[in-house]
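Subject: Structure handover

Hello,

Here is the structure I promised you. Please open it next to this email and follow along.

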Amino acid sequence: QIGSPKAVYTNPANRMVAGFLGSPPMNLVHGKYQNGTLYLGEQTLPVTTALETALTSYNHQPLWIGIRPEAISINASANNVANLRLQLGLVEPLGRETLLRGYLPRTEQQINFLVAGIWQGMPNQEITVQVDVNQLFIFDPTTGDKIAP
């Protein structure tokens, strides 16, 4: 993909490009779309109207779901957020921020994100994070091409 770093970061053409830029890079997890809902293991995320339109032909099919680390927060109170439970695997203080690596419960699928300051969580702790569903990316499971947004 050719473009400015900002353009490529905000509009990756495929799963490979999406996972290449960023620190930490985009989280790419297996999921499935079914009747207006995204399934990540035993958890669900609601689908925006725009995503629902794009995913009509993918009903009951596996997908790759992309979540940028900045779309994940702890204790968010914004609109369009959905809760996701994670089992912490890594808590790495980096100075002004802390890198957290969590796993979707009972899976090997990991989610990396940053929180401001020194965060006091511990590995193996279960936490609930908020995901901005307006910032989700969806990729074709076979080709890796971006389906949405």
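**Around Leu-38**

Set aside the neighbours within four places in sequence, and Leu-38 is in contact (heavy atoms within 4.5 Å) with Lys-32, Tyr-33, Gln-43, Thr-44, Leu-45, Val-47, Leu-55, Leu-63, Ile-65, Leu-136 and Ile-138.

Before you go on, two notes on the basis. This is a predicted model, where local features need pLDDT of at least 70, side-chain atom pairs count only at pLDDT 80 or more, and totals for chains, interfaces and linings use all residues. Residues are numbered from 1 along each chain as its sequence is written, and side-chain values use heavy atoms, with hydrogens and water left out.

Is Leu-38 buried or exposed? Leu-38 is buried, at a relative accessible area of 0%. Buried means under 20% relative accessible area and exposed means over 50%, with partly exposed in between (1.4 Å probe, protein chains only). Leu-38 sits in strand S2, residues 37–40. Strands are DSSP runs of E, at least two residues, numbered from the N terminus. Pro-62 is 24 residues away from Leu-38 along the chain, and their C-alpha atoms are 9.6 Å apart.

**The sheet**

Six strands form an open sheet in the order S3-S2-S1-S4-S10-S11, with antiparallel pairing. S3 (43–46) and S11 (146–148) are the edge strands, each with a single partner, so one side of each has no neighbour in the sheet. Neighbouring strands here are turned by 40 degrees against each other on average, direction ignored. The angles are between axes, lines fitted to C-alpha atoms, on a scale from 0 to 180 degrees between N-to-C directions.

Two strands pair if DSSP finds at least two bridges between them. S2 and S3 have four, in the antiparallel sense. Leu-38 has Leu-45 in S3 as its bridge partner.

**Strand S9**

S9 covers residues 126–132, and five of its seven residues are buried. Two bridges join S9 to S5 (residues 72–73), running antiparallel. Ile-72 stands opposite Val-131 there. S9 also pairs with S6 (residues 81–93) over seven antiparallel bridges. Leu-84 has Val-129 as its partner in S9.

**The core**

A nonpolar core is a set of buried Ala, Val, Leu, Ile, Met, Phe, Trp, Tyr and Cys residues joined through side-chain atoms within 4.5 Å. The largest one has 32 residues, and Leu-38, Phe-113 and Leu-136 have the most contacts inside it. S6 gives the largest share of this core, five residues. Another core, of five residues, lies apart from it, with Ala-18, Trp-64, Phe-137 and Phe-139 among them.

Best wishes
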